[in-house]
Amino acid sequence: MADYYVVTDLGTLPGGASSTAGDINDQSRVAGSSQVAGGQNHAFLWTPNNPLQDLGTLPGGSGSDASGISLCGLVAGQSDLAGSGGKTHAFVWSNAGGMQDLGTLPGDNGSAAVAINACGQVVGNSSLSTGGRLHAFIWSKAAGMVGLGTLPGFTDSGTHDINNLGQAVGYCALAGVANRGFVWSSAAGMHPVGTLAGGLGSDAVGINDLGEIVGTSDSGDINKPHAVLWNRAGVARDLGVLGGGTWSGAFDINVLATVVGNSSYAGAGSHAFVWSEKNGMRDLNALIPANSGWDLQAAVAINVAGQIVGAGTVTGQQHAFLLTPQCTP
């Protein structure tokens, strides 16, 4: 673990005032969304030494967001489109083919993609505006969009991430009942992840290629969840909170078991964190130059090199950031 990070401001698309990062791959390419002139958000792709690239929208659309990027640079997200009545459709974008509409599950009228792996498998959520049901899906070029179902006793499901082995994680929901995290594979189907001792619910948000999962669980108070790491045996570990905080959440984990997320801290608000077995949970704001002007609020993804992306404020505006670990000076 490096002792400090260099901060790169990813900026905004022309005419925009804000941006946020969604994911980073092992080639240091970043996908996210930025405001554009007119106030809408557009999905972007950032690559080293190049400005943000506007990925546009599906035909007739006005806004889009990107949440995932694959090893080869395929981008997954959501966009509205002409005639959708404001609903969005999941998309996959490639440099060669542009933005492809993935459609919805049968009977639904909206969808969003949240993650994509090196094999081009996409996970996301499909929904019907009437009734509000949410249905987790996996999409591949060969099979199209397939629903993942729910855990027994639950009515809704949503996904957050998929690893390169095709294991997906997310949550199931039922009105009046705490959500329960799940892990899914084509071979084993959907299985619940546990909670911390005394916990009422959980949410599985990120998974690495070793099958280690991160997310959140409470310990009896659903308003005070803690970031959690589930090892390959499914045992939940409380990662704690930043000093003086009451809640935290983990968003991603790399193959070295370094975890990123956000936590409340003394004085309220949200700070981005990085966690490792060696150093525990550390406030990323304490690991960047003191005069940077940044307030790092959430870290959402980390790659194998330890580069971290997320969102924070600088000069009073919300911008996407990239943190690159450096050797101790």
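Which residue of β5 is the bridge partner of F44? In the predicted model described here, local features need pLDDT of at least 70 and side-chain atom pairs count only at pLDDT 80 or more, whereas totals for chains, interfaces and linings use all residues. Residues are numbered from 1 along each chain as its sequence is written, and side-chain values use heavy atoms, with hydrogens and water left out.

The bridge partner of F44 in β5 is D54. Strand β4, which covers residues 41-46, pairs with β5 in the antiparallel sense over two bridges; two strands are taken to pair if DSSP finds at least two bridges between them. These strands belong to an open sheet of four strands, arranged in the order β2-β3-β4-β5 with antiparallel pairing. Its edges are formed by β2 (19-24) and β5 (53-54), each of which pairs on one side only.

Over the whole chain, the secondary structure comes to zero helices and 28 strands, where helices (H or I, at least four residues) and strands (E, at least two) are DSSP runs numbered from the N terminus. The radius of gyration of the chain is 19 Å, which agrees with the value near 20 Å that a compact globule of 329 residues would have; this radius is taken over C-alpha atoms, and the globule rule is 2.2 Å times the number of residues to the power 0.38. Taken along the principal axes, the box filled by the C-alpha atoms is roughly 55 × 50 × 35 Å.

Of the 329 residues in the chain, 52% are buried, a class defined by a relative accessible area under 20%, with exposed meaning over 50% and partly exposed in between (1.4 Å probe, protein chains only). The accessible surface of the chain comes to about 13400 Å², and carbon and sulfur atoms account for 52% of that surface; the areas come from the Shrake-Rupley method with a 1.4 Å probe, and for residues only the protein chains shown count as cover. Among contacts (heavy atoms within 4.5 Å) between residues at least 6 apart in sequence, 39% join residues at least 24 apart.

Strand β8 (residues 88-94) is largely enclosed by the rest of the structure, because five of its seven residues are buried. On one pairing, six bridges join β8 to strand β7 (residues 75-80) in an antiparallel arrangement, and Q78 stands opposite A90 of β8. Strand β8 is also joined to strand β9 (residues 98-103) by five bridges, again running antiparallel, with Q100 of β9 as the bridge partner of V92. The strands β8 and β9 form a hairpin that has three residues between them.

Burial is likewise seen in strand β14 (residues 156-162), which is mostly covered, with six of its seven residues buried. Six bridges join β14 to strand β15 (residues 168-174), and these two strands run antiparallel; I162 stands opposite A168 in β15. Five residues lie between the strands of this hairpin, in which G166 takes a positive phi near 85 degrees.

P289 and V193 are 96 residues apart in sequence, and their C-alpha atoms are 38 Å apart in space.
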